[in-house]
Amino acid sequence: DKVYERLGEIRLSQVASDLLAIVAYNQPISRQEIDEMRGRPSGAVLNQLVRRELLVVTRAPDKPKNVLYTTGDRFLDLFGLQSLDDLPRHEDFQPG
């Protein structure tokens, strides 16, 4: 609930919220991997999240043409996290 409350503060679409979650839990991750997980192209929304500094583009030293996405410091600040270790995990959720 806290995550969705904070997302509302910056007005992210459901797709953008989903992409943030995919990247946060699977980073570093390529656009191709994201597209495969979603079953549809994600490029435009990924670019928007990079412009808003919620995602950061990185490149692997051994494959500089491969773009990878990670979360940025603004992502941590927005959700009040000290590090990615503070993200909720599946085992943290209790049934209703």
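Q: Hi! Is E53 buried or exposed?
A: E53 counts as exposed, because its relative accessibility is 53%. (Exposed is over 50% relative accessible area, buried under 20%, and partly exposed in between, with a 1.4 Å probe and protein chains only.)

Q: What should I know about the model?
A: It is predicted, so local features need pLDDT of at least 70 and side-chain atom pairs pLDDT 80 or more, while totals for chains, interfaces and linings use all residues. Residues are numbered from 1 along each chain as its sequence is written, and side-chain values use heavy atoms, leaving out hydrogens and water.

Q: Where does E53 sit?
A: E53 is in the loop between α4 (43-51) and β2 (55-60); helices (H or I, at least four residues) and strands (E, at least two) are DSSP runs numbered from the N terminus.

Q: What about the phi of E53?
A: The phi of E53 is positive, about 65 degrees, although E53 is not a glycine. Most residues other than glycine have a negative phi.

Q: Which residues does the cis peptide bond join?
A: Q27 and P28, with omega about -10 degrees. P28 lies in the loop between α2 (14-26) and β1 (29-30).

Q: New topic: what is the strand order in the open sheet?
A: The 3 strands run β1-β3-β2, with antiparallel pairing (a pair needs at least two DSSP bridges). β1 and β2 are at the edges with a single partner strand each, so one side of each has no neighbour in the sheet.

Q: Which helix packs on the sheet?
A: α4 does, touching β2 and β3 (contact means heavy atoms within 4.5 Å).

Q: How many bridges join β1 to β3?
A: 2 bridges, and S30 stands opposite L68 in β3.

Methods. Axes fitted to C-alpha atoms, helices over the stretch in contact; angles between N-to-C directions.
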